[in-house]
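Student: I would like to know how the labels put on a structure follow from its values. Please take me through some of them.

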Amino acid sequence: MADIIEYDYSNLSPDRLLTHLAGLQILAKRVNMALAAAKREYLRTHDATSPKENALFDGQDAATVIVKKDGEGEYRVDDPIAYADFLAHYGIDCEGQPAVRTVNYPTENAMKPKWLERLISEHGGELPDGVSWHAGRAGGVSVTLNKGMADRPYDPARLMQVAVDSFGTPAIED
């Protein structure tokens with residue numbers, strides 16, 4: 001089992017601790033910005049059809065990198081009452097059953113994305129009242145550290161070199 005890294009700030013003065021908190025927050029933000037930039041660069045040459053890749057760090061198999069595909073969008077009922085009024089007005093059934101209840105509320109089946117997609121397709125693509133399109137989640141790059149890799153003691157010089165390489169002089173814009 002890897003050694004757990006413990007951080008002890010109890011010997012810092014209150015002002016020094018505040019300074020350290022600010023510095024760590026800045027570092028965390030910079031790390032997140034650098035990671036986002038590295039992911040954007042990775043996406044220039046990889047997509048969701050690319051095979052997963054193992055990433056080495058300090059000679060260790062440290063992470064698996066994959067590109068996740070975009071989620072598929074789906075139709076959802078936002079206003080069940082308006083949708084039920086639409087279904088009742090046109091006398092539409094859902095899979096051989098009434099699509100609305102006597103209170104003009106659509107059944108669960110009539111609100112399922114696949115059924116909505118078919119209904120909309122059969123009606124020339126026009127969305128019924130109370131129904132809207134919701135885009136799927138955006139895909140992206142996922143970096144998952146292998147178990148224990150974050151807790152492992154590393155050569156501080158190697159970690160510093162990663163930070164220096166990542167946080168070098170920012171690009172200057174004219």
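Tutor: What follows sets a few values of this predicted model against their definitions. Local features need pLDDT of at least 70, side-chain atom pairs count only at pLDDT 80 or more, and totals for chains, interfaces and linings use all residues. Residues are numbered from 1 along each chain as its sequence is written, and side-chain values use heavy atoms, with hydrogens and water left out.

Student: Why is Y75 called buried?

Tutor: Buried means under 20% relative accessible area, exposed over 50%, and partly exposed in between, with a 1.4 Å probe and protein chains only. Y75 has a relative accessible area of 16%, so Y75 is buried.

Student: Why are Y75 and W133 called an edge-to-face pair?

Tutor: Rings of Phe, Tyr and Trp (its six-membered ring) pair if their centres lie within 6.5 Å; planes under 30 degrees apart count as stacked, over 60 as edge-to-face and the rest as tilted. Here the centres are 4.9 Å apart and the planes are at 70°, so the pair is edge-to-face. Y75 is in strand β3 and W133 in strand β6, so the pair ties together parts 58 residues apart in sequence. Helices (H or I, at least four residues) and strands (E, at least two) are DSSP runs, numbered from the N terminus.

Student: Why is the pair of F86 and Y90 called tilted?

Tutor: The ring centres of F86 and Y90 are 5.0 Å apart and the planes are at 50°, so the pair is neither stacked nor edge-to-face. F86 and Y90 are 4 residues apart in helix α2, about one helical turn.

Student: Are F86 and Y90 buried or exposed?

Tutor: F86 is buried, at 15% relative accessible area, whereas Y90 is exposed, at 55%.

Student: What do the buried residues of α2 pack against?

Tutor: Helix α2 covers residues 80-90, and its buried residues include P80, Y83 and L87. The buried residues of α2 pack against β3 (74-77), α3 (113-122) and β6 (131-134).

Student: Which residues is W115 in contact with?

Tutor: Contact means heavy atoms within 4.5 Å. Leaving aside neighbours within four places in sequence, W115 is in contact with Y83, L87, I92, D93, C94, E95, N109 and A110.
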